[in-house]
Amino acid sequence: MTERSRAQLWRSADALQIGRSSVAWRGDALEFQIVERGCPLPLALRGSVRFEPLHRTRHSEALDPAARHWWTPLAPRGRVEVRMREPALSWSGNAYLDSNQGSEPLEHAFRSWHWSR
């Protein structure tokens, strides 16, 4: 998403809006509405993404010895449907949803990082 000021941020327990783009839980699905400009080419990026979890978990793993950073595979199995108006693209398939959180910026805890670690 494009960087925005704090005044363009709104959130609740089950929704987040930044500028004109948003994500919210609607029933059992996580739905994204995307209204952005591309970079470095300033082309319109508009459409929606719908993620439906097929399996959920509350399991979390510490990413560092001091447990300052945690990874949670919220829905390690699900289905996604992408429908973009600009550019005109769409697809569906398997997907997952995870979360990372920590008490400090991630780069403070690691000298290097690779997503397949």
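Figure 1. On a 1 Å grid over the protein atoms alone, a pocket is an open set of points where a 1.4 Å probe fits, with protein on both sides within 12 Å along at least five of seven lines, and its lining residues have an atom within 4 Å of a point. Grid points are joined across faces, edges and corners, and a volume is the space filled by probe spheres set on the points. By these criteria the largest pocket of this predicted model has a volume of about 160 Å³. Its lining consists of R11, S12, A13, D14, A15, L16, V23, A24, W25 and L30, and the elements that contribute two or more residues to it are strand 1 (9-12), strand 2 (15-18) and strand 3 (21-26), where strands are DSSP runs of E with at least two residues, numbered from the N terminus. Strand 3 gives the most, with 3 residues. The lining divides into 7 nonpolar, 1 polar and 2 charged residues, with Ala, Val, Leu, Ile, Met, Phe, Trp, Tyr, Cys and Pro counted as nonpolar, Asp, Glu, Lys and Arg as charged, and the others, Gly among them, as polar.

Figure 2. The structure holds 8 salt bridges, each defined as a side-chain nitrogen of Lys or Arg within 4 Å of a carboxyl oxygen of Asp or Glu. In one of them the side chains of R50 and E31 meet at 3.2 Å, N to O, and this pair links distant parts of the chain, since R50 lies in strand 5 (residues 44-55) and E31 in strand 4 (residues 29-37), 19 residues apart. R26, E31, R50 and E52 are joined in a network of salt bridges.

**Figure 3. The salt bridge between R83 and E81.** The closest N and O atoms of R83 and E81 are 2.4 Å apart in this salt bridge. E81 has a relative accessible area of 34% and is therefore partly exposed.

**Figure 4. The surroundings of D64.** D64 is placed in the loop between strand 6 (61-62) and strand 7, and its relative accessibility of 6% is why D64 counts as buried. A polar atom of the D64 side chain lies 2.9 Å from the backbone nitrogen of R68. Leaving aside neighbours within four places in sequence, D64 is in contact (heavy atoms within 4.5 Å) with H69, A109 and F110.

**Figure 5. I34 and its contacts.** I34, a residue of strand 4, touches S21, L45, R46, G47, V49 and M84 when residues up to four places away in sequence are not counted. The C-alpha atoms of I34 and R46 are separated by 5.1 Å, although the two residues are 12 residues apart along the chain.

**Notes to all views.** Residues are numbered from 1 along each chain as its sequence is written, and side-chain values use heavy atoms, with hydrogens and water left out. Because the model is predicted, local features need pLDDT of at least 70 and side-chain atom pairs count only at pLDDT 80 or more, whereas totals for chains, interfaces and linings use all residues.

Technical notes:
Helix = DSSP H or I, 4+ residues; strand = E, 2+ residues; numbered from the N terminus. Buried < 20%, exposed > 50% of the residue type's maximum accessible area, 1.4 Å probe, protein only. Polar contact = N/O pair within 3.5 Å; in protein donor to acceptor, adjacent residues only side chain to side chain.
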